[in-house]
Amino acid sequence: MEKLRYGLIGAGSNAEKKHIAGYRGLPHVELAAVCDVNPAAAQALADKYDIPAVYTNYREMLEREKLDVVSVCTPNFLHAEISIYALSQGVNVHCEKPLAVNEAEAREILAARQRSGKQLMVGLNNRFTNEAVLVKQYIDAGLLGDIYEAKAGWIRRSGIPGRGTWFTNRALSGGGVMIDLGVHYLDLVLYLMGMPEPAYIAGNTRQTFTNTDSRNRNGYKGNPAGVFDVEDSAVGFLKLANGASVSFEFSWASNIEQDRAYYELIGTKGGVKFENGKLSLFTEQFDTCIDMQPKLNPNVKRLNEFEHFTGCILTGRQPLAPAEHGVYFMSIVDAFYRSAAENRAVTFQPNLVGAR
Ligand SMILES: NC(=O)c1ccc[n+]([C@@H]2O[C@H](COP(=O)([O-])OP(=O)(O)OC[C@H]3O[C@@H](n4cnc5c(N)ncnc54)[C@H](O)[C@@H]3O)[C@@H](O)[C@H]2O)c1
């Protein structure tokens with residue numbers, strides 16, 4: 001079998017830790033080219049992982065290299081421009097989360113994918129964990145019954161991904177912690193609930209830690225001359241059309257005892273709780289409340305994001321996180337920010353076609 005020719009766009013920290021680590025392990029993938037506007041960053045990855053071609057211009061790379069698939073790992077504001085161009089060149093796209101900086105851009109990406117007949121998957125890695133796969137099986141088997149309440153949160157004590165970097169500059173990121181961490185865990189509960197139809201959202205955002213480097217994430221450097229015009233905390237309440245509700249809280253920095261990343265799904269027959277890597281299941285049997293603690297083996301990967309996506313490219317199967325899900329999620333993010341800015345609950349109806 002011929003190998004899929006793979007190219008990386010944006011050779012930053014996530015690209016190496018996640019995408020190169022994931023694709024280089026696949027026997028049917030050839031790491032063909034890497035591109036970054038910073039030539040040293042692209043060259044460093046090329047040297048370390050034996051990637052033969054290095055570019056500073058992604059269009060040139062796409063025109064010359066006859067690639068089958070690219071990862072888009074640049075700052076968020078470039079996701080739409082690059083994904084649309086790659087699709088127009090007949091190249092499949094694995095785009096990092098968030099799919100885009102707002103719903104309008106996400107729709108343009110979806111339209112480009114539809115025109116191209118190629119595949120696009122959003123890099124929502126939390127959908128691929130062993131825990132998420134098990135919870136999805138539980139839900140699909142009806143073991144939770146009707147889910148009527150969900151909670152999602154990722155709150156850090158000191159976790160700003162570099163004050164003054166592109167992450168804290170709205171023009172480059174599209175938003176703050178909601179678009180950075182909220183995209184992972186709010187997306188996850190909505191995915192597990194089957195992409196339900198929203199009714200309204202009430203959101204609140206704050207900027208508290210904009211003037212100090214003391215709350216940067218460990219290992220992340222700030223830029224004192226940079227912009228910080230996004231929220232570092234985001235809380236909200238999403239009412240669903242079926243009467244269920246989802247409450248959420250995300251923060252890059254807050255005065256809490258310890259960091260927590262969690263979600264809870266509460267249904268008529270059972271519940272699940274995932275917190276800081278630990279999954280618990282709750283139900284009732286023979287008039288008795290029962291707690292269950294699955295023993296998941298982290299060495300056995302139930303679902304591999306990279307194998308999955310290349311499999312979708314080779315078979316034409318729909319990926320687990322298609323562009324339609326990105327459009328759905330960005331409509332929620334847009335409504336959340338509108339609610340926070342206008343100080344009121346916002347009613348909205350995303351287009352659910354293809355999202356379910
Ligand atoms: N899925 C996850 O868990 C996860 C984790 C971290 C980051 N991310 C996402 O990955 C993306 C990158 O984040 P990061 O932390 O690696 O950022 P980063 O700043 O470390 O890397 C971004 C890289 O893109 C390069 N770049 C900028 N403009 C470019 C262009 N026009 N062409 C090519 N390269 C360009 C920069 O020079 C930089 O090397 C973001 O969208 C972020 O949201 C996802």
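Pro98 sits in the loop between β5 (92-96) and α5, where helices (H or I, at least four residues) and strands (E, at least two) are DSSP runs numbered from the N terminus. The peptide bond that leads from Lys97 to Pro98 is cis, with omega near -10 degrees.

A word on the model: it is predicted, so local features need pLDDT of at least 70 and side-chain atom pairs pLDDT 80 or more, while totals for chains, interfaces and linings use all residues. Residues are numbered from 1 along each chain as its sequence is written, and side-chain values use heavy atoms, without hydrogens and water.

Now to the ligand. It is surrounded by 22 residues, and Asp36, Asn76, Lys97, Asn125 and Trp166 are the closest; here a residue counts as near if one of its heavy atoms lies within 4 Å. The table lists polar contacts, meaning pairs of N or O atoms within 3.5 Å.

| Residue | Part with the N or O atom | Distance to a ligand oxygen atom |
|---|---|---|
| Asn14 | backbone | 2.9 Å |
| Asn76 | side chain | 2.7 Å |
| His184 | side chain | 3.2 Å |

On its own, the ligand has 840 Å² of accessible area, and the protein covers 81% of that (Shrake-Rupley method, 1.4 Å probe).

The axes of α5 (residues 103-116) and α10 (residues 323-342) come within 8 Å and cross at roughly 170 degrees; axes are lines fitted to C-alpha atoms over the stretch in contact, with angles from 0 to 180 degrees between N-to-C directions. That makes α5 roughly antiparallel to α10, a term for angles over 145 degrees.

Conventions
Angles under 35 degrees count as roughly parallel, over 145 as roughly antiparallel, 65 to 115 as roughly perpendicular and the rest as oblique. A polar contact is a pair of N or O atoms within 3.5 Å; within protein, one must be able to donate a hydrogen and the other to accept it, and residues adjacent in sequence count only if both atoms are side-chain atoms.
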